[in-house]
Amino acid sequence: MPAELRDMRWAIAAAEHRSLRQAAEALRVRESTLSRRLRDLEYRLGAELFERSANGTRLTAAGDEFIAVAKRILAEADAAFSRMRARGRGESGDLVVGLCMALSVGNLRATLAAYIEQHQAVVVHGIDGARSRLLADLTTGNIDVFLTAAGHVPWNGALLPLWSEQVMVALPANHALCESPVIGWPDLADARVLVNRRDPGPDFETMLRTRLGSGCGCVFIGHDVCLDRFLGFVAAGLGLTLVSESAAGTSDRGIVYRELHDDEGPVRIRFAAYWKETNRNPALRPFLDLLRERYSDTAPALSSE
């Protein structure tokens, strides 16, 4: 390259001060060093940039053109360096989050809102789907962090226990159980249960089968759709389902929500964040710091098995 960024900065300083001595003082270099550097620049460019006299320096026509171009280049370079520094600090860039829980209300929505408020230059991308696909995406680095129900997740990387939520029974508005203020496990025997293959649907199915036993008489009907469509099947009267309390914030006139209780009170489901310790995305670190700040004391340590 005939001109380096430093050459451009020094040439701009000489042009603005119209004096090599004053420009050298501003740059904190020797006047002879500045003069020699500018002469070398002119030699490499093959053009005279400055007219030198006892009264100082003045730009030539070629110098005017060079300084205009140099200022644009330096402005773009400085902006690029600022962006890179911000990205390195996690203040900008992209964060890809795998989601298997509702966003209508609750801790996840509040966490994302707080993160975006604090890091407005970071673009957050959300991806949902089956747990197996999102775990594969996490392994390959297509997503940065996976938020899902805790436990029963075959993951050898890092994880952080988060909050827990009450388990709710979503019922068609004309269902007989709507008359009950709360619902117990035995009330669900022989029920027609809709199961979403997307998290945390499989966990709810495991809960039901474990609590009620193999002879419970429930009919399980599988779906693999996003939450709003899934709840639409409930509203249409195709069956009941279990959801977390954040999902109960999804409005649908055809659904009634009731708390699910056992002998010890409300049944709860826990969530956790999963990520690769080798992930070097700077935007991930402040997101995990926010999760730790808000929720690290809300649940005991979990096993990844």
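**View 1. Helix H5 passes helix H9 in a right-handed crossing.** In this predicted model, the contact is built by Asn107, Ala110, Thr111, Leu112, Ala114, Tyr115 and Gln118 from H5, together with Pro286, Phe287, Leu290, Leu291, Arg294 and Tyr295 from H9. Sorted by class, these residues are 9 nonpolar, 3 polar and 1 charged. H5 covers residues 107-118 and H9 covers residues 284-295; their axes come within 10 Å and cross at roughly 130°. The two helices are therefore oblique to each other.

**View 2. Meet the largest nonpolar core, a set of 49 residues.** The residues with the most contacts inside this core are Val145, Leu147, Trp185, Leu188, Leu242, Leu260 and Leu291. Strand S6 (residues 158-172) is the biggest contributor, giving 7 residues. If you look elsewhere, you can find a second, separate core of 20 residues, with Met8, Ala24, Leu34 and Leu41 among them.

**View 3. Here we zoom in on Val145 and its contacts.** Which residues does Val145 touch, once its neighbours within four places in sequence are left aside? They are Val96, Val97, Gly98, Leu138, Ala273, Tyr274, Trp275, Leu284, Phe287 and Leu288.

**View 4. Helix H1 packs with helix H3 at an angle of about 115°.** The axes of H1 (residues 5-17) and H3 (residues 31-45) lie 10 Å apart. The angle makes H1 roughly perpendicular to H3, and H1 passes H3 in a left-handed crossing. On the H1 side you will find Arg6, Asp7, Trp10, Ala11 and Ala14, which meet Thr33, Leu34, Arg37, Leu38, Leu41 and Arg44 of H3. This contact has 6 nonpolar, 1 polar and 4 charged residues.

Terms used: Residues numbered from 1 in each chain as written. Predicted model: local features only at pLDDT ≥ 70, side-chain atom pairs only at ≥ 80, totals over all residues. Heavy atoms only, no water. Axes fitted to C-alpha atoms, helices over the stretch in contact; angles between N-to-C directions. Helix = DSSP H or I, 4+ residues; strand = E, 2+ residues; numbered from the N terminus. Parallel < 35°, antiparallel > 145°, perpendicular 65-115°, else oblique. Left-handed = near helix turned anticlockwise from the far one by under 90°. Contact = heavy atoms within 4.5 Å. Nonpolar A, V, L, I, M, F, W, Y, C, P; charged D, E, K, R; others polar. Core = buried A, V, L, I, M, F, W, Y, C linked by side-chain atoms within 4.5 Å. Buried < 20%, exposed > 50% of the residue type's maximum accessible area, 1.4 Å probe, protein only.
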